[in-house]
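Q: I have a model open and want to go through some of its local features. Can you walk me through it?

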Amino acid sequence: MITMQHISIDEDIPLSWIRSASTRIVDRVDLHTRKVHWLALINLGREDTLEEVLGRYTRRYGERMLIRGCSERVRKTLSKHGFQSICIGKEAVLELNRNLLQKKSLRELVRRGNRHGRTVEIPYSDANRMRIGRLKKISRHGPEPQLQHLFRNHFTPGNRAFVFEDGNGNWLAAVTISQMNKNKMQTELLLRASSAPVGVMEALVVSVFEVLQKEGHAYWSLGEVPFTAASGGGRRTKQSLVNLAGRTLNFAYNYKGLFQFKNKFQPRWENVFICARPRVSLRMMAELLYQTNLVHLMWWKINRKLFNIRS
């Protein structure tokens with residue numbers, strides 16, 4: 001069993017920000033709109049508070065800043081420092097002190113999946129990083145343009161990884177996780193080979209749940225589902241446009257299917273916000289769609305439909 005180093009601070013941080021040995025920027029995007037710096041992925045020091053890090057980067061980059069993946073607690077902290085927010089989706093949070101297999105339908109999927117192999121935790125190595133990369137390419141969405149800046153889309157030394165392997169050692173599915181604070185783990189990658197049998201992904205999630213439960217963690221985030229019943233934290237017009245964007249883009253980014261998968265595990269659904277200073281503008285939101293590669297993904301899907309191309 002591989003465990004993360006001790007994390008002492010109990011504070012919410014944005015999704016895909018993690019605690020590590022020292023504070024550093026992993027991914028920063030300069031938005032042309034209002035010359036805003038998007039702090040996409042950050043490694044926080046083990047004792048750093050969100051407000052300390054915010055002050056550090058304000059001095060370095062200036063007041064204009066955007067942070068996404070914010071919980072209600074993070075939103076309230078940032079609002080004290082002049083940030084405006086808008087809800088963009090929901091986060092699926094599993095409480096690790098409960099029985100995950102209460103639903104008969106989930107138990108049956110897990111039973112079917114476990115017939116085809118077992119879940120193992122793998123250490124970080126270049127070889128394992130490349131194997132997860134190959135699994136990503138043969139996953140259902142592998143041939144598509146990949147989303148950017150939203151999560152850690154590679155296996156890195158700061159993450160843990162679990163794979164579901166068959167009797168021949170072939171990897172059928174994988175999940176990578178990172179630590180947000182001493183009580184909460186979060187999902188980065190969820191991968192399933194296109195040819196994997198029914199139930200493999202559910203069996204993997206349940207196995208990881210049981211590992212984290214035994215280790216004494218309190219919560220495990222399955223991550224965000226954007227555009228899902230977004231409400232609150234912004235002006236009504238902007239909120240309506242977020243919901244409209246979700247419905248428009250669902251053919252390219254199937255957030256409804258993602259919601260249905262994560263909802264199988266009966267999570268607690270919590271609002272997720274974009275926070276920006278001095279404000280969240282419509283132009284900024286449009287540029288985010290471009291920077292995250294959602295626009296590229298949309299045109300890729302449209303072209304395949306027009307020319308009747310199958311994956």
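A: This is a predicted model. Start with helix α9, residues 294-306. Its 13 residues should span 18 Å at 1.5 Å a residue, and its end C-alpha atoms are 18 Å apart, so the two values agree.

Q: Which residues of α9 are buried?

A: Leu 294, Leu 297, Met 298, Trp 300, Lys 301 and Arg 304.

Q: Where do they sit around the axis of α9?

A: On the same side of α9, because they cover an arc of only 165° around the axis. In general, an α-helix has 3.6 residues a turn, so residues three or four places apart point the same way.

Q: What about α2, which residues are buried there?

A: In α2, residues 72-79, the buried ones are Val 74, Thr 77 and Leu 78. Seen down the axis of α2, they fall within an arc of 95°, so they line one face of the helix.

Q: And what do the buried residues of α2 pack against?

A: They pack against α1 (50-61), β4 and β11.

Q: Let's go to β11 then. How many bridges join β4 to β11?

A: Four bridges join β4, residues 65-70, to β11, and the two strands run antiparallel. As for a bridge partner, Met 65 has Arg 277 in β11.

Q: How many bridges join β5 to β11?

A: Nine bridges join β5, residues 84-95, to β11. This pair also runs antiparallel. In β11, Val 272 stands opposite Gly 89.

Q: Back to Arg 277. What kind of peptide bond joins it to Pro 278?

A: A cis peptide bond, with omega about 15°. Pro 278 is in the loop between β11 (268-277) and α8 (282-291).

Q: Is Ser 16 buried or exposed?

A: Ser 16 counts as buried, because its relative accessibility is 3%, and the cut-off for buried is under 20%.

Q: What is phi at Gln 266?

A: Gln 266 has a positive phi of about 50°, although it is not a glycine. Gln 266 lies in the loop between α7 (255-263) and β11. With a relative accessible area of 39%, Gln 266 is partly exposed.

Q: New topic: helix packing. At what angle do α3 and α5 cross?

A: The axes of α3 (residues 104-114) and α5 (residues 200-215) cross at roughly 100°. They come within 7 Å. The two helices are therefore roughly perpendicular to each other.

Q: Which residues make the contact?

A: From α3, Leu 106, Leu 109, Val 110, Gly 113 and Asn 114. From α5, Val 200, Glu 202, Ala 203 and Val 206.

Q: Last one, Tyr 290. Where is its place?

A: Tyr 290 is in helix α8.

Q: Is Tyr 290 buried or exposed?

A: Tyr 290 counts as exposed, because its relative accessibility is 58%, and the cut-off for exposed is over 50%.

Q: How far apart are Tyr 290 and Gln 148 in sequence and in space?

A: They are 142 residues apart in sequence. In space, Tyr 290 and Gln 148 are 9.8 Å apart, C-alpha to C-alpha.

Notes: Residues are numbered from 1 along each chain as its sequence is written. This is a predicted model: local features need pLDDT of at least 70, side-chain atom pairs count only at pLDDT 80 or more; totals for chains, interfaces and linings use all residues. Side-chain values use heavy atoms; hydrogens and water are left out. Buried means under 20% relative accessible area, exposed over 50%, partly exposed in between (1.4 Å probe, protein chains only). The expected span of a helix is 1.5 Å times one less than its number of residues. The arc is that of the directions from the helix axis to the C-beta atoms. Two strands pair if DSSP finds at least two bridges between them. Axes are lines fitted to C-alpha atoms, for helices over the stretch in contact, and angles run from 0 to 180 degrees between N-to-C directions. Angles under 35 degrees count as roughly parallel, over 145 as roughly antiparallel, 65 to 115 as roughly perpendicular and the rest as oblique. Contact means heavy atoms within 4.5 Å.
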